[in-house]
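Trainee: I am new to this structure. Could you take me through it step by step?

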Amino acid sequence: MALLQYASNYLPGIMEARQGVHLLTHLGMGVAAFLMLIMCFINVLGARFLTKTNNLVVWFKLFVPSLTIFLLFYKGLQIKNFTTPQFNPMGIKSILAALPAAGVIFSFIGYSPAIQLAGEVKSPQRAIPIAVIGALLITILIYTLLQIVFIGALPESALAKGWAHLSFTGDTGPFAALVTTLGLGFMGFLLFLDASISPFGTGLMYTAATARIAYALGENSYLPKKLMKINKHAIPHRLIFLNFGIGLLLLL
């Protein structure tokens with residue numbers, strides 16, 4: 001859903017707004033089903049192919065925010081933005097509320113597929129702690145730096161009515177709007193592209209993880225044994241497509 005919502009900035013026919021709520025059109029449902037099918041086929045082709053595909057997505061996901069941090073820092077930070085009396089007008093409560101409401105919290109729990117796929121990893125005793133702790137540290141670093149450069153790069157005009165009323169003309173996301181305001185229009189496109197590709201990478205890995213969870217359920221007799229059959233790549237393909245079917249039902 002997140003992928004299609006951001007992609008709708010360039011493909012408006014896939015979503016429509018009804019009473020302030022973004023909903024998929026019939027075309028959008030078809031695109032969503034097709035993307036889910038692609039995720040399933042990538043997973044069915046084996047863990048090695050999945051890893052190579054996911055690596056491309058991960059490097060892109062790291063490149064775009066890193067470039068954003070560099071460019072906003074290069075444009076110059078206004079230190080006074082951190083000391084203005086109206087800074088953080090709603091207190092810590094709003095900061096904590098934004099974590100689940102804005103979806104940020106999901107970035108901090110994205111390490112779970114590393115645990116669920118531990119059975120297919122070489123030297124899991126070494127690899128899993130590095131993956132989990134490393135993912136958390138990298139996430140904390142990136143989000144912290146992004147917030148610092150965002151706050152520091154805000155022009156005075158954006159804060160004319162105070163922090164509580166921070167907004168941009170044609171606001172389609174704070175970072176995309178900010179970089180466009182600063183004359184970095186190409187970064188706006190990259191941010192939207194990243195915002196579309198990132199959920200695809202998440203869905204790709206959770207497609208793999210949920211199949212392994214379902215396989216574990218089958219081993220404990222909660223699912224029929226016939227669903228546990230694996231293909232030549234040692235992948236429980238029937239469970240992957242079972243999840244695909246459930247995903248289609250949730251689209252309706």
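Mentor: We shall discuss helices, a loop residue and aromatic pairs.
This is a predicted model, in which local features need pLDDT of at least 70, side-chain atom pairs count only at pLDDT 80 or more, and totals for chains, interfaces and linings use all residues. Residues are numbered from 1 along each chain as its sequence is written, and side-chain values use heavy atoms, with hydrogens and water left out.

Trainee: How many residues does α3 have, and how far does α3 reach?
Mentor: Helix α3 has 29 residues and reaches 42 Å from its first C-alpha to its last, close to the expected 42 Å. The expected span is 1.5 Å times one less than the number of residues. Helices here are DSSP runs (H or I, at least four residues), numbered from the N terminus.

Trainee: Which helices do the buried residues of α3 pack against?
Mentor: They pack against α2, α7, α8 and α9. Buried means under 20% relative accessible area, exposed over 50%, and partly exposed in between (1.4 Å probe, protein chains only). The buried residues of α3 include Leu50, Val57 and Leu72.

Trainee: What comes just after α3?
Mentor: Glycine 76, with a positive phi of about 110°. The loop between α3 and α4 also holds asparagine 81.

Trainee: Is asparagine 81 buried or exposed?
Mentor: Asparagine 81 counts as buried, because its relative accessibility is 5%. Leaving aside neighbours within four places in sequence, asparagine 81 is in contact (heavy atoms within 4.5 Å) with Phe87, Ile151, Gly152, Leu154, Leu159 and Trp163.

Trainee: Changing topic, how many aromatic pairs are there?
Mentor: The structure holds three. Rings of Phe, Tyr and Trp (its six-membered ring) pair if their centres lie within 6.5 Å; planes under 30 degrees apart count as stacked, over 60 as edge-to-face and the rest as tilted. One of the three joins phenylalanine 41 and phenylalanine 241, with centres 5.8 Å apart and planes at 70°, so the pair is edge-to-face.

Trainee: Where do phenylalanine 41 and phenylalanine 241 lie?
Mentor: Phenylalanine 41 is in helix α2 and phenylalanine 241 in helix α10, 200 residues apart. Phenylalanine 41 is partly exposed at 46%, and phenylalanine 241 is partly exposed at 30%.

Trainee: What about phenylalanine 150 and phenylalanine 175?
Mentor: Their pair is tilted, at 5.0 Å centre to centre and 55° between the planes. Phenylalanine 150 lies in α7 and phenylalanine 175 in α8, so the pair ties together parts 25 residues apart in sequence. Both residues are buried.

Conventions:
Helix = DSSP H or I, 4+ residues; strand = E, 2+ residues; numbered from the N terminus.
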